[in-house]
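Thanks for asking me to look over this model with you. Here are my notes, written so that you can follow along in the viewer.

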Amino acid sequence: MGHSYKYIPAYYLPEHLLPPGFAYPDDYRKFAESGANRVGDRNYGWTVLDSECLERFVSYARKIAPNLPLVPFMRVYGHDNIACFDGSVVGGDPKVYFLNFCEPTRCQGGSQTFSEWIATIPPDEDDGDADEL
């Protein structure tokens, strides 16, 4: 019999993976508390990271942007991007950066907060089950 896999959203990184003093922004906490795990199109929208992948994405973020303490929180399928908070912000509203984890690797963004960024994502026009994968 094959191994059965179940997606388990990880809204928050374990404390040992967070930069010192980092706190998730209030708007992200509200999103996490809502239980939604996806924003946007069912096939190409942004999805909360899977608990199985956290350490891999944190390691990747440190490799791509070694001088910027990034906190990965979502990924988009179809475009191979990871959304990360600027972990150097303490006590404020961190900006969102994007890492492309396929070639060419790059880090970009840093101009919008979570609430500004999420407002730009078109809603899923599917059947309205935005919180299910």
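1. Let's start with a term that we will need: a residue is called buried when its relative accessible area is under 20%, exposed when that area is over 50%, and partly exposed in between. Please keep in mind that this is a predicted model.

2. Now try the term out. Is Asp93 buried, exposed or partly exposed? Its relative accessibility is 40%, so Asp93 counts as partly exposed. You will find Asp93 in the loop that links strand E4 (81–86) to strand E5 (95–100).

3. Asp93 also has a part in a surface feature. Together with Asp26, Asp27 and Glu116, Asp93 forms a negative surface patch.

4. Next, step back to the whole chain. How many helices and strands does the chain have? There are three helices and six strands. Read from the N terminus, the order of the elements is α-β-β-α-β-β-β-β-α.

5. Of its 133 residues, 41% are buried. The accessible surface is about 7700 Å², and carbon and sulfur atoms account for 50% of it. Look also at the contacts between residues at least 6 apart in sequence: 56% of them join residues at least 24 apart.

6. Val48 has a relative accessibility of 1%, which is why it counts as buried. Leaving out residues up to four places away in sequence, Val48 touches Tyr7, Pro9, Ala10, Tyr11, Phe31, Ala36, Asn37, Phe73 and Met74. Take Ala10 from that list: 38 residues separate Val48 and Ala10 along the chain, while their C-alpha atoms are 6.5 Å apart.

7. Finally, visit Arg75 in strand E3 (residues 70–76). Is this arginine, Arg75, buried or exposed? With a relative accessibility of 13%, Arg75 counts as buried because the cut-off for that class is under 20%. Residues up to four places away in sequence aside, its contacts include Gly45, Trp46, Thr47, Leu49 and Phe57, and also Asp80, Asn81, Ile82 and Phe101. Thr47 is 28 residues from Arg75 in sequence, with 5.4 Å between the two C-alpha atoms.

Definitions and conventions
Residues numbered from 1 in each chain as written. Predicted model: local features only at pLDDT ≥ 70, side-chain atom pairs only at ≥ 80, totals over all residues. Heavy atoms only, no water. Patch = residues over 30% accessible without salt bridge, like charges linked within 9 Å, V, L, I, M, F, W, Y side chains within 5 Å. Areas by Shrake-Rupley, 256 points an atom, 1.4 Å probe, with all protein chains shown as cover. Salt bridge = Lys/Arg side-chain N within 4 Å of Asp/Glu carboxyl O. Lys, Arg positive; Asp, Glu negative; His and termini not counted. Charge placed at Lys NZ, Arg CZ, Asp CG, Glu CD. Helix = DSSP H or I, 4+ residues; strand = E, 2+ residues; numbered from the N terminus. Buried < 20%, exposed > 50% of the residue type's maximum accessible area, 1.4 Å probe, protein only. Contact = heavy atoms within 4.5 Å.
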